[in-house]
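Subject: Structure handover

Hi,

Here is the structure I said I would pass on. Have a look at it first, and then read my notes below.

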Amino acid sequence: MTLIDVIGVTKRHPGMSERPALHRVDARFYPGRLTVLAGPSGSGKTTLLSIMGGFDVPDSGEIRFREPLPSGTAPAGLAWSDAGYLPQALVLLDELTVAQNVQLPVNLAPTPPPGDLADPSHTTAWLRALDIDHLADRYPSQTSGGEQQRAALARALRLRPRVLFADEPTGQLDPSRVDLVTDVLRDYAAGGAAVIITSHDPAVINAADTVVTMEDGTVVDVVHRTGRGAMVPKPPDHAPTW
Ligand SMILES: Nc1ncnc2c1ncn2[C@@H]1O[C@H](COP(=O)(O)OP(=O)(O)OP(=O)(O)O)[C@@H](O)[C@H]1O
């Protein structure tokens, strides 16, 4: 079963007169998989991700969420516990420390998170997993771009969302940290979440369970892997549109 269906989505940004950013895009996203949106610069990856995450709206077409996501909800209505989003711009708050930034979704949640999820030990665990626990008490401006990127990823994962959207999550990292973050994303997906990211990095694309390749605002190829390196053209329940 899919978790997210993208159905006939077209998007023309303001000022785009000719080719739209997305043209009748159909795509399906599955839980338990790390999916990479790949393709050349300007092919529409960020636009698709931001529409799925509720930061932009399509001109036509729709995004459908399936259980356990709240079906019938528009992307902008998703809670942080449903969907975490890592934008390219990171948007860390400068007046909060790294740890406080990561804890922020707990403090902003309209209802208390379940179990002990509010406990700051979860923030510490994400900081440790992403190798930035030694920076917990620094302010973002006192950290490197790659460290800020990992802090923003920890924040997106903090409420253990069922889907994670991440725009170029390794774009500012050196190769060893690319491997670390890729492993974290793979492990998180293996726990049952849909992890959907954009990337140009061959190492990240190679580690993906599914690679959706875009060109000129359309999906031109979808490859699912059964295990590392083993490629299959389609999953068993795959629909003919893919
Ligand atoms: N806010 C905007 N206003 C006008 N055009 C935009 C805007 N955002 C994106 N575009 C255009 O839409 C198209 C798709 O852009 P998008 O950012 O989705 O591509 P991308 O595949 O994510 O690129 P990259 O790999 O460089 O991040 C491009 O032609 C881009 O110039």
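To start with the inventory, the protein has six helices and ten strands. Please keep in mind that this is a predicted model.

On overall shape, the C-alpha trace spans about 50 × 35 × 35 Å along its principal axes. The radius of gyration is 17 Å, which agrees with the value near 18 Å that a compact globule of 242 residues would have. Buried residues account for 42% of the 242 in the protein. If you take the contacts between residues at least 6 apart in sequence, 68% of them join residues at least 24 apart.

Three strands form an open sheet in the order S2-S1-S4, and the pairing is antiparallel. Strand S2 (22-29) and strand S4 (60-65) are the edge strands, each pairing on one side only. On average, neighbouring strands of this sheet are turned by 10° against each other, ignoring direction. Strand S1 (residues 4-11) is joined to S2 by five bridges, and these two run antiparallel. If you want a spot to look at there, Asp-5 stands opposite Arg-28 in S2.

Helix H1 (residues 45-52) goes with that sheet: H1 lies across S1, S2 and S4 and runs at about 120° to S1. Is H1 mostly buried or exposed? Six of its eight residues are buried, so H1 is largely enclosed by the rest of the structure. The buried ones are Lys-45, Thr-47, Leu-48, Leu-49, Ile-51 and Met-52. After H1 comes Gly-54, with a positive phi near 85°.

Last, some backbone geometry to check before you set anything up. As background, most peptide bonds are trans, and most residues other than glycine have a negative phi. Here are the exceptions I noted:

- The peptide bond from Glu-67 to Pro-68 is cis, with omega near 10°. Pro-68 sits in the loop between S4 and strand S5 (83-86).
- Leu-90 is not a glycine, yet has a positive phi, near 70°. You will find Leu-90 in the loop between S5 and helix H2 (98-108). With 18 other C-beta atoms within 10 Å, Leu-90 counts as partly exposed.
- Asp-216 is another residue other than glycine with a positive phi, about 50°. Its loop is the one between strand S8 (210-215) and strand S9 (218-227). Asp-216 is partly exposed too, with 15 other C-beta atoms within 10 Å.

That's it from me.

Cheers

Note on methods
Residues numbered from 1 in each chain as written. Predicted model: local features only at pLDDT ≥ 70, side-chain atom pairs only at ≥ 80, totals over all residues. Pairing = 2+ DSSP bridges. Helix = DSSP H or I, 4+ residues; strand = E, 2+ residues; numbered from the N terminus. Axes fitted to C-alpha atoms, helices over the stretch in contact; angles between N-to-C directions. Contact = placed C-beta atoms within 7 Å. Buried ≥ 20, exposed ≤ 12 C-beta atoms within 10 Å, placed from the backbone. Rg over C-alpha atoms; globule rule 2.2 N^0.38 Å.
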